Amino acid sequence: MVSLWKIFLVFAKIGAFTIGGGIPMIAAIKSELTEKGWLKDEDFIDIITLAQTAPGLFAVNISILTGHKLRGTKGSVVATIASCLPPFLIILAVAMFFTSFKDNEYVIKAFKGIRPVVVALIGVPMIDMIKATKMRWWSWVIVAASLTLVCFMKVSPIYILICVIVISLAVAYYNEKKRREGLK
């Protein structure tokens with residue numbers, strides 16, 4: 001069993017050194033938790049999926065779900081506090097001093113330099129998740145259709161999610177009905 005102190009340290013480190021919030025945190029959380037043997041890849045994918053569908057901040061949802069998986073309610077509380085505390089303190093310090101540095105050319109260049117890193121931090125976990133899910137052909141059709149609808153036709157992702165949920169429920173109902181008929 002993972003100690004609450006270890007959970008706190010890992011999530012505080014993730015919260016302190018992950019730039020860009022929730023999605024870029026995925027790679028850091030995955031490497032920290034799966035390499036330590038605290039979570040299996042399948043568990044991690046389930047947590048990411050649930051965190052994306054739950055309301056609220058993605059990073060907080062990941063912390064809550066991972067902490068709960070590791071140590072129940074206490075783990076959720078510790079992981080959430082640990083992942084939120086460092087960014088809160090950093091933002092507080094930045095807010096106190098940033099007004100005097102906001103026009104500094106080095107600060108502007110530093111922020112511009114961070115942008116490609118954030119893109120990479122988003123891309124790597126997406127590729128890892130694709131590899132781990134072992135998607136079937138129809139999953140790729142859904143990915144391509146969703147990408148096309150969102151990027152080129154400006155359809156809200158909410159409508160896509162609603163459609164996919166309805167279709168998934170219908171398919172599950174149909175498959176369960178066929179299974180029951182086969183048992184008779």
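Lys 154 is exposed, with a relative accessible area of 67%; exposed means over 50%, buried under 20% and partly exposed in between, computed with a 1.4 Å probe on protein chains only. Lys 154 is in the loop between H6 and H7. Its phi is positive, about 55°, although Lys 154 is not a glycine. Most residues other than glycine have a negative phi.

The model is predicted, so local features need pLDDT of at least 70 and side-chain atom pairs count only at pLDDT 80 or more, whereas totals for chains, interfaces and linings use all residues. Residues are numbered from 1 along each chain as its sequence is written, and side-chain values use heavy atoms, with hydrogens and water left out.

Helices here are DSSP runs (H or I, at least four residues), numbered from the N terminus. Helix H6 covers residues 137-151 and helix H7 residues 157-183; the two pack at an angle of about 150°, with their axes 10 Å apart. That angle makes H6 roughly antiparallel to H7. Angles under 35 degrees count as roughly parallel, over 145 as roughly antiparallel, 65 to 115 as roughly perpendicular and the rest as oblique. The axes are lines fitted to C-alpha atoms, for helices over the stretch in contact, and the angles run from 0 to 180 degrees between N-to-C directions.

H6 passes H7 in a right-handed crossing; a crossing is right-handed if the near helix is turned clockwise from the far one by less than a right angle, and left-handed if anticlockwise. From H6, Ile 142, Ser 146, Leu 149 and Val 150 meet Pro 157, Ile 160 and Val 164 of H7, where contact means heavy atoms within 4.5 Å. The residues of this contact divide into 6 nonpolar, 1 polar and no charged. In this classing Ala, Val, Leu, Ile, Met, Phe, Trp, Tyr, Cys and Pro count as nonpolar, Asp, Glu, Lys and Arg as charged, and the others, Gly among them, as polar.

**Helix pairs**

| Pair | Angle | Axis separation |
|---|---|---|
| H6 and H7 | about 150° | 10 Å apart |
| H1 and H4 | about 40° | 7 Å apart |
| H3 and H4 | roughly 140° | within 9 Å |

Helix H1 comprises residues 4-17, and at 1.5 Å a residue its 14 residues should span 20 Å; the end C-alpha atoms are 20 Å apart, which agrees. The expected span is 1.5 Å times one less than the number of residues. The buried residues of H1 are Ile 7, Val 10, Phe 11, Ala 12, Ile 14 and Gly 15.

H1 and H4 pack at an angle of about 40°, and they are therefore oblique to each other. H1 passes H4 in a right-handed crossing. By class, their contact has 15 nonpolar, 5 polar and 2 charged residues.

Ser 63 is in helix H4, which runs over residues 58-97. Ser 63 is buried, with a relative accessible area of 0%. Not counting residues up to four places away in sequence, Ser 63 touches Phe 11, Ser 76, Ala 79, Thr 80 and Ser 83.

Val 60 is also placed in H4 and counts as buried at 19% relative accessibility. With residues up to four places away in sequence left out, Val 60 touches Thr 80 and Cys 84. Val 60 and Ala 79 are 19 residues apart in sequence and 8.7 Å apart in space, C-alpha to C-alpha.

**H3 against H4**

The axes of helix H3 (residues 41-53) and H4 cross at roughly 140°, and the two helices are therefore oblique to each other. H3 passes H4 in a right-handed crossing. H3 contributes Asp 43, Ile 47, Ile 48, Leu 50, Ala 51 and Gln 52 to the contact, and H4 contributes Phe 58, Asn 61, Ile 62, Leu 65, Thr 66 and Lys 69. By class, this contact has 7 nonpolar, 3 polar and 2 charged residues.

Lys 69, in helix H4, counts as partly exposed at 48% relative accessibility. Apart from neighbours within four places in sequence, Lys 69 is in contact with Leu 39, Asp 43 and Ile 47. Lys 69 and Phe 44 are 25 residues apart in sequence and 9.8 Å apart in space, C-alpha to C-alpha.

Thr 99 lies in the loop between H4 and helix H5 (105-133). At 60% relative accessibility, Thr 99 counts as exposed. Thr 99 and Lys 109 are 10 residues apart in sequence and 16 Å apart in space, C-alpha to C-alpha.
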